[in-house]
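Subject: Structure handover

Hi,

Here is the structure you asked for.

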Amino acid sequence: MVNLKGDLVFLRALEPEDIIHVYNTENDTSIWEVSHTQTPYSHYVLKQYLEESHKDIFEVKQLRLVICSLNNEVVGFIDLFDFDPQHRRAGIGLVINSSENRGHGYGKDALQVLIKYCFSVLNLHQIYCNITEGNDASIRLFKSCNFEYIGCKKDWNFTSGQFKNEQMFQLINS
C-alpha cells in the first residue's frame with residue numbers, strides 16, 4: 001500500500017460527497033485561465049464525472065486526487081493528465097481552492113507526495129507541467145520541487161484579450 005500522506009496533507013480518491021468542492025473549483029472563474037475552462041459545469045455533468053472517477057489511470061489516462069489537510073479539510077486538487085505508460089510520462093496540474101489556504105505549504109507537500117507516487121508506483125520516467133507566464137506562485141512551487149524550465153510556447157493562450165506565453169517545466173526521475 002502506497003502512503004499518500006505528507007507532512008501537511010494527504011491525497012485521496014474522489015468521493016461522491018466531493019461534488020460541492022469540484023463544482024466550486026471548476027466554476028471559479030478566477031482560475032479558468034489556468035484550467036482552460038470557458039463555460040460553467042453543471043452539477044449533473046460533475047456528478048457523472050465523479051461516478052466515472054473510479055476508473056483506472058491506465059484506462060482513462062488521467063487521475064484527480066483530493067488534497068486534504070491533516071484535519072481532513074479539502075484544500076484542493078492535484079491531477080495527472082496525458083498519462084502515457086509507454087513513454088512513462090504524465091502532466092501535473094494543481095489547484096489550492098481558496099486564497100486562505102495558499103502560501104501555507106499545502107501545494108508543495110501535495111506535489112512532493114504525488115512525485116513520489118509517480119516515480120515509485122506508476123514507474124514514470126518524467127512528469128511535466130505547463131504554466132502561463134506571470135503565474136509566479138506556480139513557477140516558484142514547481143521549481144522548489146526541482147522541476148526544470150525546458151522551454152516556452154509563444155503566444156500559446158489567448159485570455160483576457162491578449163496572448164500569453166506558456167512555460168514548460170519537467171522533472172526527470174534520475
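Glu166 forms a salt bridge with Lys153, with the closest N and O atoms 2.9 Å apart. The term means a side-chain nitrogen of Lys or Arg within 4 Å of a carboxyl oxygen of Asp or Glu. Glu166 lies in strand 7 (residues 162–172) and Lys153 in strand 6 (residues 148–159), so the pair ties together parts 13 residues apart in sequence. Strands here are DSSP runs (E, at least two residues), numbered from the N terminus. Glu166 is buried, at 4% relative accessible area. Lys153 is buried too, at 17%. Cut-offs: buried is under 20% relative accessible area, exposed over 50%, partly exposed in between (1.4 Å probe, protein chains only).

This is a predicted model: local features need pLDDT of at least 70, side-chain atom pairs count only at pLDDT 80 or more, and totals for chains, interfaces and linings use all residues. Residues are numbered from 1 along each chain as its sequence is written, and side-chain values use heavy atoms, leaving out hydrogens and water.

The salt-bridge count is 4. Among them is Asp18 with Arg12, at 2.8 Å between the closest N and O atoms. Asp18 is buried, at 2%. Asp84 and Arg89 also pair, at 3.7 Å, N to O. Asp84 is buried at 18%, while Arg89 is partly exposed at 33%.

Now the cysteines. There are 0 disulfides, the rule being a pair of cysteine sulfur atoms within 2.5 Å. For Cys145, the closest cysteine sulfur is in Cys129, 10.0 Å away, too far for a bond. Cys145 is buried, at 6%. Cys68 is buried as well, at 0%.

Best wishes

Definitions and conventions:
Helix = DSSP H or I, 4+ residues; strand = E, 2+ residues; numbered from the N terminus.
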